[in-house]
Structure formats: C-alpha cells, structure tokens
Amino acid sequence: MGGYKGFEKKKSKLGTTLLIVGLVHVGIGAGLYWVSQTEWGQNLIKVYKLNAFKKEEPPPPPEKEPEPEPEPEPPKPEPKPQEAPPPPPPQAEAPPPPKASDAPASPPTAADPFAIGKSRGRFAGYSDILTAMIQAQYHQPPSLPDDLEYAVMCELVLDEQGRVLQYRLLNSSGSLLFDQSALDALAKVKQVRPPPEGMDRVVIVKFFPPA
C-alpha cells in the first residue's frame, strides 16, 4: 500500500505540474494574441514575415584584380632635319652698256678714220649729210684755239624714220673742250634724213668744225 500511495503522490504532482505548464502556455498565448492585436504587434508581425520570406542575396562575386598596365613604348628618335643646300654664289652682273653721253671710247681697230678720200663706200654721201647737220648745230667755244685742227668720230643709232636714238664719241680729239662742244652739237640733232635702204642703222661719221 505504501508503494501505491507514493505513486499516487507522484501522479498528483505530475498533474499539478502539467496544469501549471498548461496555464502558463495559455497565458503566454493570450498575451501574444493581445500583443498581436496592438499596432506595435502588427508591425512586429510584418517585420517577421519580411525576414522569414526574404531570400538571401548571393554574395557578390570577388572583384577581379586589375590587369597590369602595359609599359609605354620608348619614344622613337625624331629624324634630324636636313640642312638646306647653301645658296648659289651671286653671279656678277654684266656692266651696263655705255650711254651715248658717256666719255668717248677708243676708236675701233680699223683703218685710220681720219684718212680723207680712202675707202669711201656707196653711203658716203649720206655720211656727209649727217656731218653737215651736226656742223649746223655746232658752236665753237671762245677759248678754243683756232690754229689747231680738231676732229672726232661720232656714232649715231637711227631708226627707219631717221630719228636719232643714241649717240656717242668713239674717240677724243685731244681737247676736252672740243669734245664737249661736239657732244653738245650731237645732242641738238634729233631728226635726220631717213637712211637709205640697205644701210646699217648704226652710222659712223667724222665730225670737224666747219671751215
């Protein structure tokens, strides 16, 4: 009987314990229900649902290590500029042709130009006309001596109409005063008789003071 009573006591304690546990669970459940009806409880339930059904995002892939930058190529050497060839040496300019009014030049290498009556060609008459026209414009300087004979060879360049284009003395008479007076007379002769056909346009005449 003693064993049975002990069993009954244990059974009674177990029932009491289960009853207490049940009441605790009922109290907890009632408390949770009450809390769930409040605004705070509703927010808590929403947060729980979001966390429960939220899918875990996979971790991001590991970042790739940056590839090393290629080393820059060394700069190519610049080509050396070619030196320009030196300029050609300046050429000597040809001397200008002598003007008609320049100093008288040396006579051409020919027979004596002062020879009278020698080698007179078919145009000798035209040369005499030119000599007479120059003598008509000649004025003897007062200081020129009369006891000496003067003569110079003159060169005239004519056109087809007889216009005097150029003139000069081919030699000197030995007197600068007479040479200048001869040039003054030549400068006054602008127009002469047209040269005959076949005659050279460069005419050489002998000029001397009129008698």
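Predicted model: local features only at pLDDT ≥ 70, side-chain atom pairs only at ≥ 80, totals over all residues.

Me: Which residue forms a salt bridge with Glu155?

Reply: The partner comes from a distant part of the chain: Glu155 lies in strand S1, and the other residue is in strand S2 (residues 164-169), 13 residues apart. The closest N and O atoms of the pair are 3.0 Å apart, and a salt bridge needs them within 4 Å. The partner is Arg168.

Me: How many salt bridges does a search of the whole structure find?

Reply: Besides Glu155 with Arg168, Asp159 forms a salt bridge with Arg163, with the closest N and O atoms 2.9 Å apart. Here Asp159 is buried, with a relative accessible area of 13%, while Arg163 is partly exposed at 43%. The search of the whole structure finds two.

Me: How far apart are the end C-alpha atoms of helix H3?

Reply: Helix H3 has 13 residues (residues 124-136), so at 1.5 Å a residue it should span 18 Å. The model agrees with that, as the end C-alpha atoms are apart by 19 Å.

Me: Which residues is Thr131 in contact with, leaving aside neighbours within four places in sequence?

Reply: Thr131 sits in helix H3 and is buried, with a relative accessible area of 9%. What covers the buried residues of H3 includes strand S3 (202-207). The contacts of Thr131 are Val205, Lys206, Phe207 and Phe208.

Notes. Residues numbered from 1 in each chain as written. Heavy atoms only, no water. Helix = DSSP H or I, 4+ residues; strand = E, 2+ residues; numbered from the N terminus. Expected span 1.5 Å × (residues − 1). Contact = heavy atoms within 4.5 Å. Buried < 20%, exposed > 50% of the residue type's maximum accessible area, 1.4 Å probe, protein only. Salt bridge = Lys/Arg side-chain N within 4 Å of Asp/Glu carboxyl O.
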